Amino acid sequence: MGFAAATQLSRGDESCPGGPELSGADAAADYIIGRCLTDGPHGRVGLEIEAHCFDPADPHRRPGWSEIGEVLQSVPELPGGSVVTVEPGGAVELSSPPLPGAVAAIEAMIGDQAVLRGAFAEAGLGLVALGTDPLRPTARVNPGERYAAMEQFFTASHTGSAGAAMMTATASVQLNLDAGASPGWADRVRLAHALGPTMVAICANSPLLSGEFSGWHSTRQRVWSRLDSARCGPVLGLDGTDPATDWARYALKAPVMLVHTPEAIPVSRYVPFADWADGRVRLGGRRAGLKDLDYHLTTLFPPVRPRGWLEIRYLDSVDDTIWPALVFVLTTLLDDPAAAERAAEAVAPVATAWDVAARTGLADPRLHAAARRCLELVADRAPAGLRDGMDRLVGMVERRRSPADDVTDEVTRTGVAAMVTRMARGQS
């Protein structure tokens, strides 16, 4: 199974009739538990990297759907095998296939990024790696039925502004890692969550949204925290000893976002999927089916999402000088047993400090201590090709700085539009 292929499929607008009817929430739970984590060796790494599309000649302008589509038609087959998708606000994402280890995944992604950026530059456009769009108002350009329905859902659930920002103004670096052997699932999933606040503080790269400073180092993380925690909050239960059951419980409690009739229709009231599966509520004139459950799972966005593998979703998009080092750090801390054990100790005091990390970054002493320790565990193991990026990352952490601090300094000197123009033109 390919990580990227499944990610691509989840974003389709194909109709999704209910399929075989579920007998109830217990059957739905069994289905989720049996598929959410795959028992086997770990070591494969897939990457998904998003960047905002800008016109450097007019950075306030949002390139349209057809304009971006024309560029993508000119992109040759990517050497690393990545799939290209376009997010609702026009951000462009590369999703790589799973490859053996972080270094192989990084090298393949770097090659694919170079080809993609060349195609956009030829069209007079540029790709900007920031966690949030720092300049333009939120606006959707992707005409897909799914995203129009999602907008209506967020409005009905009183999270319209956060939902619009999430869909059209955020960008991330995402890791897809094998779940590993089943006896280690609990520790592995628990550590993936516990590392989150520390990694958010290290990579925070979104101090602005829609032309204004937000007061947060990671406005991207702030946007996600403003959405329904039943859909976007961490999955872990009270003790985290059974992550598959935790995920099933989370998914069944989460409200249904869309129902296909066959077109996607937003659900404007709070209906836990369990109520639909048990027949206590009928949506679209029917009880929930198996395909409804599959689709429901694609509308849940926790920071760590089990999809057979672990989809780690909490890193801000950052530029080429440090994302490879970030990927190497996080993969090593999770995949190397000795590093994982020490990392778990280092981040334990800040394992749930998501908001503190997003707001203050490494200015928080506990997060700074955890970040320093995590990099100490990994930095010397970086291969030569990652050495410069790792040194830069270590230096930033030593100075208690995240990329957001550099963004803030530059915007203060030159203004937002000038910074975006520089980045869109690929200038250092």
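Tutor: Strand β11 (residues 304-306) pairs with β12 in the antiparallel sense over 3 bridges. Strands here are DSSP runs of E, at least two residues, and helices are runs of H or I, at least four, numbered from the N terminus; two strands pair if DSSP finds at least two bridges between them. This is a predicted model, where local features need pLDDT of at least 70, side-chain atom pairs count only at pLDDT 80 or more, and totals for chains, interfaces and linings use all residues. Residues are numbered from 1 along each chain as its sequence is written, and side-chain values use heavy atoms, with hydrogens and water left out.

Student: OK, which residue stands opposite V304 in β12?

Tutor: That's I312. The β11 and β12 hairpin has 2 residues between the strands, and G308 takes a positive phi near 95° there.

Student: What else pairs with β12?

Tutor: Strand β6 (residues 172-178) does, in the antiparallel sense over 6 bridges. In that pairing, D178 stands opposite W309.

Student: And is β12 mostly covered or open?

Tutor: Mostly covered: 8 of the 8 residues in β12 (residues 309-316) are buried. Buried is under 20% relative accessible area, exposed over 50%, partly exposed in between, with a 1.4 Å probe and protein chains only.

Student: Switching to the core. Which residues touch the most other members?

Tutor: L195 and Y314, in the largest nonpolar core, which has 106 residues. Such a core is a set of buried Ala, Val, Leu, Ile, Met, Phe, Trp, Tyr and Cys residues joined through side-chain atoms within 4.5 Å. Helix α7 (residues 185-203) gives the largest share, 11 residues.

Student: What does Y314 touch?

Tutor: Leaving out residues up to four places away in sequence, its contacts (heavy atoms within 4.5 Å) include A192, L195, M199, R220 and W354. There's also a second, separate core of 18 residues, with Y147, M257, Y295 and F301 among them.

Student: How many disulfides are there?

Tutor: The count is 0, taking a disulfide as a pair of cysteine sulfur atoms within 2.5 Å.

Student: Last one: what's the average pLDDT?

Tutor: It's 94, and 95% of the residues score at least 70; pLDDT is the predictor's confidence in each residue, from 0 to 100. Over residues 1-15 the pLDDT is below 50, and that stretch has 44 contacts in the model beyond near neighbours in sequence.
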